[in-house]
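Hi,

Here is the structure I said I would pass on. Have a look first, and my notes follow below.

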Amino acid sequence: MRAFGMYNYLHLDSWSQDNVYYVDQSGRVMNLSVTLDTSLQKPREVFRLPADLTACDNRLCASIYFPSSTWVTLSDGTGRLYLIKTGKRGDSASEKWEIVFNEELGSPFIVAHSVSFVKSGTHSVAVLLLRVEKDELDTKGSGFHVTLEWVTIAEMSKEGDHQYEICRKRVLQGKSVPHYAAIEPSGDGLMILSYKPFKSIQQQEEKLVENDDAKTANEKKDPLYYWQQTEDDVTITIHIPQDITKDDIKVHFSPENIRVTLKDQPPLMDGKLHSSVDHESCTWIIKENKSLEISLIKKNEGLRWPELIIGDTNGELIMDTEMSECLMHLTSEEMNPNPEKENPPCNAQELEECDAFLEDSATLCRFDGDTLQVTHVINLGSNQYLFSAVVDPREMPCFCLRHDVDALLWQPHPDQPENMWEHIATFNALGYVQASKQDKKFMACAPDYSYSALCECLRRVFIYRQPAPLSTVLYNRKEGRQVGQVAKQLVATLEANDPILGFQATNERLFVLTAKTLFLIKVNTGN
């Protein structure tokens, strides 16, 4: 239901503002381009899927993504992927959709994301395909898993003829539908925000081959140790038997390694650490609850460790809420994000039952494109995912997280390791407001952050403008002070009883698609 039932059937071309596309039941790709509100044209057909879609029983909705201003990736919902050269879109004179690659890639999927890039003079398009598949090995869970297939299609030159072919496939699997999944613009990495972790199929298969017997023996065993980290240190917790005393414990620290033994038993931990530590400052103590706590001081402060001991699977990482701690000052809970604005701080004590989260915390991971190893991990804690938006099509899509009562928009910068996720906008109180909308279906924001919006499953659209200066004097009688800015909320009710199937926001207007009608809502007046 989350992957396909809540799918957004309306696709915004971020390379050509106010250009939207949808695929109708006949397999026609329809485009609506807005130049003047006073002379709106009817949607026009720009492409028709060649295959007979009705022949496939378990087909999904067709999906589109625009990796550049002249390329389109398209799935027909039956398992076939199309790479299409379009010419410059939005200009009917130069826009012509031509298939340069199409191939059957197995079970049906939707296109989650795609990017276009040039490396060493070769043009490539990387596409992320999302599937929900039956998992025969999963007897205790849902019986399904989510697959993200990362396909790279490159231009090949054969006997002077240029054609596009698949040059690489990578597959990751997880047990929940990702809230956000996007390939980096350079094609060098992948970011996934999900409730449950994703792992490379290749890595899983290698581990199964190597550890098949060990896995059977240890299937029901708890981790030997737990560990967590901050930017400066790592804390390891090991539960020890009641009869173990301080004299029975031997902990050996070195700049690159750690070894922990109890009495004459084989080492509980022994191996090379992920990164160097200041071994002279490392310590250990026995806690009152009969657990051994070891503190390691990182030499490279700020570096996140994806694993504690290289290749050791006996421990379990306990995530921290780093993003929450680092950005507390950006929210309404602590202080006014902008002292010049007349925004009284919100009080988190006043949150209601609707604010309870349906899931535990999600995790944001970056995967290296070559190894598919996790290079960065951030646990989002109570920072609930709300929506994603494209602010600059040359960058990765942004994602919006709830932080206390507010909603914070984050822009990934994979080429800036020291500032990989930048906070670029705050929508005051949106986190609180959206929690009360039990029937909400889609959320979006303008690329210039001037407003955010959400729609319900039927009829109603809510628009929340950013605070703006007042032209007249307004007083808050309760507090006896002059109000300099007001944030307006608008509600639009559509004259239709059909469910809303698509929702997109541009700087000036909202596009809302139902089964029979495409609505335009003017929000801002263009300069």
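**Salt bridges and a sheet**

K287 has a relative accessibility of 36%, so it counts as partly exposed (buried is under 20% relative accessible area, exposed over 50%, partly exposed in between, with a 1.4 Å probe and protein chains only). Its side chain meets that of E293 in a salt bridge, 3.8 Å from N to O; here a salt bridge is a side-chain nitrogen of Lys or Arg within 4 Å of a carboxyl oxygen of Asp or Glu. E293 is partly exposed too, at 22%.

Before going on: this is a predicted model, where local features need pLDDT of at least 70 and side-chain atom pairs count only at pLDDT 80 or more, while totals for chains, interfaces and linings use all residues. Residues are numbered from 1 along each chain as its sequence is written, and side-chain values use heavy atoms, leaving out hydrogens and water.

The salt bridge count comes to 16. One of them joins R89 and D13, with the closest N and O atoms 2.7 Å apart. R89 sits in the loop between β7 and β8 and D13 in the loop between β1 and β2, so the pair ties together parts 76 residues apart in sequence (strands are DSSP runs of E, at least two residues, numbered from the N terminus). Both R89 and D13 are buried. There is also a salt-bridge network linking D24, R28, E45 and R48.

Then there's an open, antiparallel sheet of five strands, ordered β9-β10-β11-β12-β15 (strands pair if DSSP finds at least two bridges between them). β9 and β15 are at the edges with a single partner strand each, so one side of each has no neighbour in the sheet.

Cheers

Methods: Helices (H or I, at least four residues) and strands (E, at least two) are DSSP runs, numbered from the N terminus.
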